[in-house]
Amino acid sequence: MQTKQATGLDTRMLTPVYAGVFTIICQLFMPWITIPMLKRCKLPGKYSIFQTGQLFRNLQDAAENCTRVELEPMTQDVLSGLMKVSTVLAVMSVVLMAVMVWVIASVLIRRTKSKTAVRIGFGLNFLFGAAVCAVGVMVNLLINQQMGRENTFFNLTVHSQAQITSWIFGQMLISVIVFFAAGRLLTLEDQTQPQMYVERSMREDRRVSRRTWMAIAMILLAIPLVIFFGVYFMGDRGYVFIGLCIVCLAMLPFAMVFEDRKPQARELLLIAVMAGIAVAGRMAFFMLPQFKPATAVVIIAGIGLGAEAGFLTGAVTGFVSNFFFGQGPWTPWQMFAFGIIGFLAGLLFHRSRRLKRMNEYVRLALECIYGGVATLVIYGLIMDLSGVLTMTADGVSWSVLLAKVVSGFPFNMIHAASTVFFLLFLARPMEKKLERIKKKYGILEV
C-alpha cells in the first residue's frame with residue numbers, strides 16, 4: 001500500500017500562472033489612478049496605465065477651461081515632462097506583460113526549474129507597482145502646488161486629489177507572496193501521509209474552542225478596525241481592497257480547523273459550494289428588492305459547518321455577489337453583516353446538545369426565529385449605520401441615525417421575512433445533506 005502521497009503539486013504550481021494572468025488583466029483593463037475632482041468638469045475620473053497621458057491632458061484642460069476647480073494651468077515644460085512620464089509607464093507596462101508571459105510559459109514548460117523566472121517576474125511586478133505609487137505622489141505634489149495647498153501628510157494621503165486604486169495594491173501584495181513562496185509552490189519534495197476516511201472521526205461536543213475565541217476577536221476587533229480604516233483613512237475608495245482584507249481575516253480562524261492535520265480539497269470545496277449557492281440565490285432574486293435567500297443559506301452554513309465556516313461563507317457571499325450587484329462603500333459592511341449572522345448561527349446551533357435533542361420542527365422554529373431577528377436587528381442596524389457613516393454629508397448624529405433606521409425599517413422587514421421564508425423550505429433538507437456528507441467524509445472535524 002502507498003505510504004506517501006503528493007500534496008497537490010499541479011494545483012500549487014499553477015498559482016504563479018494565475019497571478020501572472022491577473023497581472024496582465026490589471027495592466028490592460030483595470031483603472032490605476034483616479035482623480036475625482038475631474039468629474040466636476042465632466043471629464044473621466046479613472047485612468048488605466050495606458051491612459052496617463054490623457055489624464056495629464058485632462059488636468060490641463062480642467063485648469064484652463066473649467067471654473068469648478070481652482071487649479072492653475074501647468075507650464076508647457078511641466079506638461080511635456082509629464083507626457084514623457086506617461087510614455088515611460090506605458091513602455092514599462094508592455095515590458096512587464098511580456099515578462100509575465102515569459103514567466104507563465106516557463107512555469108508551464110519547465111515546472112520546478114522555473115523558480116528564478118518566477119522571482120524575477122514578480123520582483124519586477126512589485127517594483128513597477130512601487131513606481132506607479134511614486135508617480136501618484138508626484139502628481140499629488142504637482143496638483144497641490146497648482147491649487148496652493150500645503151503638502152501635508154493628510155493632503156497627500158487621506159485628502160489627496162490623485163488616488164492610487166486598490167488594484168495596484170492587490171497586485172503588489174500578490175507579487176510579494178508569490179516571490180517569497182516560489183520555492184514552496186514549485187517543488188516536488190513536499191509529501192504527506194495519506195488520510196483515509198476510516199481514520200477520521202467526529203469530535204464530541206465541547207466548550208468554545210481556541211479558534212472560536214480567535215474568530216470572536218477578529219469579529220469584534222480586527223474586522224471593525226479594518227472597516228473604519230477604510231471609512232476614515234481611505235475615504236471608501238479602497239472598498240475592494242478592504243473586502244479582500246476581511247476575507248483574509250475571516251480565513252485565519254477557519255484555517256485553525258486544520259491545525260492538527262492537512263486540509264482536504266473536499267472540505268474547502270464544501271465552503272465554496274455553500275458560498276456559491278448563496279451568491280446564486282441572491283442573483284436569482286435580483287428583481288425582488290430585499291427578498292433574497294442569501295442570508296438563509298449563510299445561516300444554514302453556520303449551523304451545519306460551524307461558526308468559523310459560517311462567517312467565511314457570509315463574508316465571501318457579500319464580496320462575490322457585489323461583483324454582480326455593484327461594489328461600493330457598502331461592500332465591507334455587507335460582508336461583516338452576513339458573516340456575523342453566520343458566525344452566531346454556528347455558535348448557537350452547531351454544537352448545542354440540547355438543541356440537537358429537540359424535535360426537528362421545534363428546532364426549525366428556533367432557527368427561523370433567529371434568522372428573522374438576526375436579519376432585522378444585526379444586518380439592518382449594521383447597514384443603516386454604514387449608510388450614516390459613508391453617505392451622510394451633514395455628519396453623524398443620533399437624529400440622523402434614527403431617521404435612517406426608521407426609513408430603512410420596511411426594507412429590513414422584507415429581508416427578515418424572506419430569510420424566515422427560505423429557512424422554512426431550505427433549512428431541514430440542506431442541513432440533512434450537510435450532516436450526511438460530514439459523517440461520510442469526516443469533513444471539518446478531527
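Student: What share of the contacts in the protein chain with a separation of 6 or more comes from residues 24 or more positions apart?

Tutor: Those residues account for 75% of such contacts in the protein chain, where contact means heavy atoms within 4.5 Å. Keep in mind that this is a predicted model, where local features need pLDDT of at least 70, side-chain atom pairs count only at pLDDT 80 or more, and totals for chains, interfaces and linings use all residues. Residues are numbered from 1 along each chain as its sequence is written, and side-chain values use heavy atoms, with hydrogens and water left out.

Student: Okay! How many helices and strands does the protein chain have?

Tutor: The secondary structure comes to 16 helices and 5 strands. Both are DSSP runs numbered from the N terminus: helices are H or I with at least four residues, strands are E with at least two.

Student: And how much of the protein chain counts as buried?

Tutor: Of its 446 residues, 48% do. Buried means under 20% relative accessible area, exposed means over 50%, and partly exposed is in between (1.4 Å probe, protein chains only).

Student: Let's look at helices. At what angle do H2 and H7 pack?

Tutor: About 160°, with the axes of H2 (residues 15-29) and H7 (residues 166-185) 10 Å apart. Axes here are lines fitted to C-alpha atoms, for helices over the stretch in contact, and angles run from 0 to 180 degrees between N-to-C directions.

Student: What does that make H2 and H7 to each other?

Tutor: They are therefore roughly antiparallel. Angles over 145 degrees count that way, while under 35 is roughly parallel, 65 to 115 roughly perpendicular and the rest oblique. The crossing of H2 and H7 is left-handed, which is the word used if the near helix is turned anticlockwise from the far one by less than a right angle; clockwise would be right-handed.

Student: Which residues meet there?

Tutor: From H2 they include Phe22, Thr23, Cys26 and Gln27, and from H7 they include Trp167, Gln171 and Ile174. By class, the contact of H2 with H7 has 8 nonpolar, 4 polar and no charged residues. For those classes, Ala, Val, Leu, Ile, Met, Phe, Trp, Tyr, Cys and Pro are nonpolar, Asp, Glu, Lys and Arg are charged, and the others, Gly among them, are polar.

Student: New topic: what span should H3 have?

Tutor: At 1.5 Å a residue, the 14 residues of H3 (residues 52-65) should span 20 Å, and the end C-alpha atoms are 20 Å apart, which agrees. The expected span is 1.5 Å times one less than the number of residues.

Student: What covers the buried residues of H3?

Tutor: The cover includes strands E2 (33-34) and E3 (46-47), along with helices H4 (76-110) and H5 (115-147). Among the buried residues of H3 are Leu55, Phe56 and Leu59.

Student: Last one: where is Lys42, and what is its phi near?

Tutor: Lys42 lies in the loop between E2 and E3, and its phi is near 60°, a positive value in a residue other than glycine. Most residues other than glycine have a negative phi. Lys42 is exposed, with a relative accessible area of 79%.

Student: Which loop holds Gln290?

Tutor: The one between H10 (265-284) and H11 (294-305). Phi of Gln290 is near 70°, again positive, and at 27% relative accessibility Gln290 counts as partly exposed.
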